[in-house]
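Me: Could you walk me through this structure step by step? I'll ask as I go along.

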Amino acid sequence: MEVGLQLSLKCLIPLPDGRCLLLGRASAPAAVGAELALMEGDTACPIAHGAFYPLPAQHGTEGSGAAPAHGFSLIADRVPKSPRLVLRAGGGSASAESVEHIFETAEAAGTSGLAKLLADQPPALGFALLRDAGTHAALASLMTLGGAPLGAFAEWMARLHPVRGRTVENLPGVEEAEALHSLGGDILVVVRGGAAFPPEARLELALVGLLPGAGPLASRAVALPLFDGHAAALPQALVLHGRIDPAWLDRLSALEVVLQLRMGAEEVHLLRCRPRAATVPDLLDAVCRTTLLAEAGEAGSTEALGLLRLLTARREAAFEPMLASLAAQCPQDADAGGQLPRIGLILGADDPVATRLLQVTAPEFEGRCDQLLILGDAAEEVAQAFLRRGRLPVLVGPAAVAALRQAGGVAAVLVVEAPRFAEAVARGRPAEAFSRPLGAADLARLLALHGAAGCEPGLEDSLVRLLRLERHRPGEAAFLPVPRGWSSPHAAELVNAHLARLWTAGLKTQGLRTEGLAAHV
Amino acid sequence: MSEARNPAGRVCIVAHSHPEFSKGGGELAAYRQFETMRHAGRDVLFVGACEIGTLYAETHDIETVMPFGEGEYVFSFAGMAEDRLAWDDPFQRGVLVDFLAGLDCEVYHFHHYWRLGIDLIDALMQARPKARFVLTTHEMLAICLHHGQMVKTRSRELCRKESPLRCLACFPDQTLERFAYRKATLLSVLSRFDAVIHPSEFIRARYRDWGLTAPHDPVVENYLGDAILDQPRLPADAATMAHRFGFFGQPTSFKGLDVLLRALPMALRGNPDIVLTVFGAEREDVLRLFPTLETMVEAAGPSLTFAGRYDPTDAVDLMRSVGWVVVPSIWWENSPVVIQEARRAGTPLIVSDIGGMAEKVLRDVDGLHFKRAAPVDLARVMVQATDPELRAALGASIRDVMGRAEFLAALDAATGMARQRS
């Protein structure tokens, strides 16, 4: 063995698909390229996946001047007999043949062995495996080992420090950990400190989702890949933004984030929290938010606004082409519904006073629609105006939203905003309040806009904004700023402008006014 | 129905009250129309809202609709919403709609929509699609949430145009959407009437400005009734009557009695012979409403008399006992019955220079005008009015009100019955 090269093989775990996982520790002098090879006799065993993670000094080689230690995980395409691991670096090599733990079967590893091993190892090992399980199918199988919902990670995760709400307790220097996800698949984590973090502080995350099964015990955990991730350090916060496939959000019953907060070479903390569902403006504004105890004016610092600009630019690069393409498929003068059945959709039925109007104008809807959906705080009461007459099937609330989502291709949707309907009736032209029949392409665009740039949790707001785009006139604002309590007017301006660009993606910009949006603070 | 069917068609007058239970100008006009048509041999029914029955319904079971004399019915509106513009209880509404539809009338003539329900009118229109629907307006409740007065809530300034933002200034606890819903609901149903009869040009212009332009909308004066018109119109002694002034009506905050009482001391300085009699209220009633006027009332001494409540059938006689009838309302008014009664009595009027008052009292023909809500100007005009020559001239020129034949013809033309009768 060459001086400075050290190698040890901690365990070998057969995986259900015939591959195997090897965990170990290696150290080599810094600035020297190193590679690992797995040998079975004289034959190299193909390695499908390998990952290194730094280890604190006490877990590596002790003593001053020692080569830095790294843990590693390898996935080999098959389970080798008499495996021999070789580390080559700087013209030298080291090898390891003895394995501290060899599990005969995957199940044996999953039930207790691997869990115990993970628990005894530096937390970075478990974190690295969990994170990589999101991108590597062979590692993903660890999530199901032993039949427990979190598989081999069950015990390891149970020991992690949970964050309730935003507040982080018993972790000096860290006050808050805020995790959010949007309908469009954004994941944003902000860890806020009471003082500046050290320059070398880093934030990483791994995502775990729970897929519901037929019963409580049939739930299955999956590690989710994060893509387009971007981490940044602000004066008193660490921020990480990325995205997951939004389709996951419809399937999962729960989503968890495991945060690895590396404060320095020797200090690593792991936190576990559940991201809160947030609108896009709420999520992006979190970049500029501060802790409750922060000095006034710290929100929206130059650094935070700079990061916000970067993240919004990345989002636009990701979403704009898709939104523009969808917009191009929705000509505003088309009868997108063709001969399909017509679904009437009343939006903004928030005030019971609207019931009187809809009662005396019910024939306007009965003559145009085959079914009626009603959304709004007073939808139940408004529905009575139609149900009492018994001439139109009516759905309200979640059932109405579900029917709207399923309408694409099977029905055309005629949308009516209740307040605008009142204005049209007062003008003596109620027909003007009905939108053109919206078809499958319109609904696809609506759902995409709601995910990428939705300003309220409910689909209604996005539909109202879409209709506003359709009827806008030159000089009018195509996008109305989001009325909410912003962290700072500067953040409001940036986010509103970003949202406006997404909402108008693919539209002819002549006459569309989206710039200079006033911030509603 | 016991009445024989008239070939010209049965008419049902549906009113917001029965004058047996309240004596407002609207219900009196509705009932006088009923009596006049019946005396003319028309097949006519009267259905009026009943406050007594409604109060009783709060604690006891009561039929929604009850007979109240030959061809007359009253109904409880206990199932209505608080604003009395729609029904909270669809069952009771349905009972009333079924009853009205079952009367099998060719014409449903509504007096007002308050206490009747815009939803009830809509339902009856659907139940009787071939009937003709006529409405007589009595104030501007559809346009203005402030009791239909079009007077601003916080300043008592006059309001000249409705819009959601203007209305929000008067009712800041409401929402823009609510004003839009309210207007659309009312306008939607009112526009479906075949005819809307306005008792004044003024109120017709207000409803047209508001958007009610679809129905035929003639101006037809409310009819004062055969009994009053049968009374002789006697000339008065101008020299005796010129300094006697009378106020007739309820001392509500919109009727402007406070303006008149503030004007009285100033007018007395101009002519100490002036006397004012307040008909319709006792001294205590007035001071309860306007406590700050107590000093002025005391100072007026024998120049001011409170005559208490009076029977509407005595109004014309009582008006002959004064030289001038003062109508100092601070709201627009529509077609005040007090003005009609004074004209019938031959007693000239002094009125605020706005709305239905200015329209119905031609200046220097039927009386005099003063600046609305201005006691100084009213005092000036009262002093001017004590001139016996002026009183005599206006007593001679004041016009009488619409006669019976003219009213029935105008009504037939408005309701479309004229075509059927010819």
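Me: Which strands form the open sheet in chain A, and in what order?
Reply: Before the answer, please note that this is a predicted model, in which local features need pLDDT of at least 70 and side-chain atom pairs count only at pLDDT 80 or more, whereas totals for chains, interfaces and linings use all residues. Residues are numbered from 1 along each chain as its sequence is written, chains are lettered from A in the order in which they are written, and side-chain values use heavy atoms, with hydrogens and water left out. The open sheet has four strands in the order S4-S3-S7-S8 of chain A, with antiparallel pairing; strands here are DSSP E runs of at least two residues and helices H or I runs of at least four, numbered from the N terminus, and two strands pair if DSSP finds at least two bridges between them.

Me: Why do S4 and S8 of chain A each have one side without a neighbour?
Reply: Strand S4 (43-44) and strand S8 (92-96) of chain A stand at the edges with a single partner strand each, so one side of each lacks a neighbour in the sheet.

Me: And how many bridges join S7 and S8 of chain A?
Reply: Strand S7 (residues 83-89) and S8 of chain A pair in the antiparallel sense over five bridges, and Gly92(A) in S8(A) is the bridge partner of Ala89(A).

Me: Switching to chain B, what are its domains?
Reply: Chain B is divided into domain 1 (11-223 + 403-421) and domain 2 (230-397), with bounds that come from an automatic or database domain assignment. The domain centres, taken over C-alpha atoms, are separated by 30 Å.

Me: How many residues are in contact between the two domains?
Reply: In domain 1 of chain B, 26 residues are in contact with 20 residues of domain 2 of chain B, where contact means heavy atoms within 4.5 Å. Between them the two domains bury about 1800 Å², 56% of it on carbon and sulfur atoms; buried area is the accessible area (1.4 Å probe) that two parts lose on being put together, summed over both.

Me: Which residues touch the most other members of the largest nonpolar core?
Reply: Among them are Tyr108(B), Phe110(B) and Tyr113(B), in a core of 131 residues. A nonpolar core is a set of buried Ala, Val, Leu, Ile, Met, Phe, Trp, Tyr and Cys residues joined through side-chain atoms within 4.5 Å, and buried means under 20% relative accessible area, with exposed over 50% and partly exposed in between (1.4 Å probe, protein chains only). Helix H10 (residues 257-270) of chain B gives the most to this core, with eight residues.

Me: Where does His109(B) lie, and is it buried or exposed?
Reply: His109(B) lies in strand S5 (residues 107-111) of chain B and is buried, with a relative accessible area of 0%. Leaving aside residues up to four places away in sequence, His109(B) touches residues including Val11(B), Gln33(B), Leu135(B) and Leu411(B).
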